[in-house]
Amino acid sequence: MTTADASTNTDSRATSAMASFAARYVLIGMYFGFVLVKAEVLSWYRIQEMFRFHSFHMFGTIGMAVVVGMVTVWLVKRYQLKAVNGEAITFTPKDRSWARYLLGGSLFGVGWALTGACPGPIAALIGAGLTGFIVVLLAAVAGTWAYAQLRTKLPH
Amino acid sequence: MDIILDAVRGPWAWYVAGPLIGLTVPLLLFLGNKRFGLSSNLRHMCAITPSKNPFFRYDWRREGGWNLLVFAGIVAGGFLAGILLANPAPVQVAESTTAALAQAGLSVDGRFAPAALFSWSSLFTLPGFIVMVLGGFLIGFGARWAGGCTSGHAIMGLSELQWPSLLAVAGFFVGGLLATHLLLPIVLGL
């Protein structure tokens with residue numbers, strides 16, 4: 001085998017590793033987006049139902065999602081389960097404070113109720129043809145940018 | 001075959017959809033050793049720009065490449081479920097919600113989000129502008145301040161029994177209730 005062949009082989013192996021990395025996350029996203037649409041949890045009306053306590057749909061959906069997540073995290077900790085690549089899965093405790101969570105969380109909540117969407121649903125809505133949510137996405141990016149400018153002045 | 005296709009088209013009940021949404025947590029943990037959380041993507045999008053703010057000066061490809069791919073996947077999943085395999089029936093809304101919205105001057109149009117507020121032309125109306133631009137802005141600002149959104153705090157954080165995430169979710173509800181019951185009626189009346 002010549003040197004040129006060897007380097008082509010390495011290149012193609014790197015390319016296929018990259019493709020499998022990309023495919024894995026795109027597929028997980030597609031799965032999640034598909035469920036968001038089919039459960040109608042990306043609907044502005046469904047969010048209105050939730051904040052008016054008129055339907056159990058959102059509470060049940062989020063609640064069941066949390067149960068599955070909790071069982072997963074419990075199993076990972078209890079049996080020290082590893083990721084498929086052999087890495088240990090660890091969890092980092094979040095900073096113990098209250099200001100950023102309550103104040104930032106409340107502002108987020110206002111945005112959630114006004115738009116009827118949060119970051120995941122915004123992406124799914126754009127895909128589902130509600131292209132007006134491109135404006136919502138750009139505004140959210142602008143909001144993140146503004147937070148970065150004010151970050152050092154805000155309580156955390 | 002039609003029965004299967006109708007079942008796929010939805011809408012799916014909460015006891016089906018909830019566990020399926022929750023499965024995103026183990027999928028990301030086991031397949032990639034990644035923690036579910038989508039609002040970080042808004043930060044990565046800022047980091048792509050040549051901003052000089054230290055908050056955006058990190059290797060976004062390395063830190064957030066995977067998450068941006070998830071985000072792109074969600075757009076594709078939305079297309080698949082919302083257009084190719086669309087449910088022809090209007091979105092379900094509780095009668096009490098329909099009545100409350102009618103009182104505020106908004107009629108239910110069967111779409112995922114009311115066209116009266118979220119179409120491109122409504123961007124040039126005051127209610128449409130406030131809901132889309134102010135609402136979107138607060139999502140980005142608030143999520144980063146709180147360090148996460150519905151996926152990162154409400155699903156992943158609560159799954160990890162993180163006390164701060166419970167505070168954040170309480171905040172989400174305080175803000176959401178205020179906006180729904182006090183702010184929205186004013187905005188819709190403009």
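Start with chain B and colour two ranges: its domain assignment gives domain 1 (1-88) and domain 2 (119-190), the bounds coming from an automatic or database domain assignment. This is a predicted model, in which local features need pLDDT of at least 70 and side-chain atom pairs count only at pLDDT 80 or more, while totals for chains, interfaces and linings use all residues. Residues are numbered from 1 along each chain as its sequence is written, and chains are lettered from A and ligands numbered from 1 in the order in which they are written.

With both domains of chain B coloured, note that their C-alpha centres lie 18 Å apart. Which residues touch across the two domains, by count? Domain 1 of chain B puts 8 residues in contact with 10 residues of domain 2 of chain B; two residues are in contact if their C-beta atoms, placed from the backbone, lie within 7 Å. On the side of domain 1 that touches domain 2 in chain B, there are 4 nonpolar, 2 polar and 2 charged residues. In this grouping, Ala, Val, Leu, Ile, Met, Phe, Trp, Tyr, Cys and Pro count as nonpolar, Asp, Glu, Lys and Arg as charged, and the others, Gly among them, as polar.

Next, show chain B as a cartoon. It has 10 helices and 0 strands; helices (H or I, at least four residues) and strands (E, at least two) are DSSP runs, numbered from the N terminus. The C-alpha atoms of chain B fill a box of roughly 50 × 45 × 35 Å along the principal axes. Of its 190 residues, 49% count as buried. A residue is buried if 20 or more other C-beta atoms lie within 10 Å of its own, exposed if 12 or fewer, and partly exposed in between, with C-beta atoms placed from the backbone.

Select residues 2-9 of chain B, helix H1(B). How many of its 8 residues are buried? The count is 0, and the helix is hardly covered. B:Gly10 follows H1(B) and has a positive phi, near 90°.

Move to helix H9 (residues 150-159) of chain B and H10(B), which pack at an angle of about 155° with their axes 9 Å apart. Axes are lines fitted to C-alpha atoms, for helices over the stretch in contact, and angles run from 0 to 180 degrees between N-to-C directions. H9(B) and H10(B) are therefore roughly antiparallel to each other; angles under 35 degrees count as roughly parallel, over 145 as roughly antiparallel, 65 to 115 as roughly perpendicular and the rest as oblique. H9(B) passes H10(B) in a left-handed crossing (left-handed if the near helix is turned anticlockwise from the far one by less than a right angle, right-handed if clockwise). To see the contact, show side chains including B:His153 and B:Leu158 in H9(B), and B:Val169 and B:Phe172 in H10(B). By class, this contact of H9(B) with H10(B) has 6 nonpolar, 3 polar and no charged residues.

Now bring chain A into view. The contact between the chains takes 101 residues from chain A and 109 residues from chain B. On the chain A side, H4(A) gives the largest share, 16 residues. That side of chain A has 63 nonpolar, 27 polar and 11 charged residues.

Finally, select H4(A) with helix H10 (residues 163-188) of chain B: they pack at an angle of about 45°, their axes 6 Å apart. That makes H4(A) oblique to H10(B). H4(A) passes H10(B) in a right-handed crossing, and their contact has 19 nonpolar, 8 polar and no charged residues.
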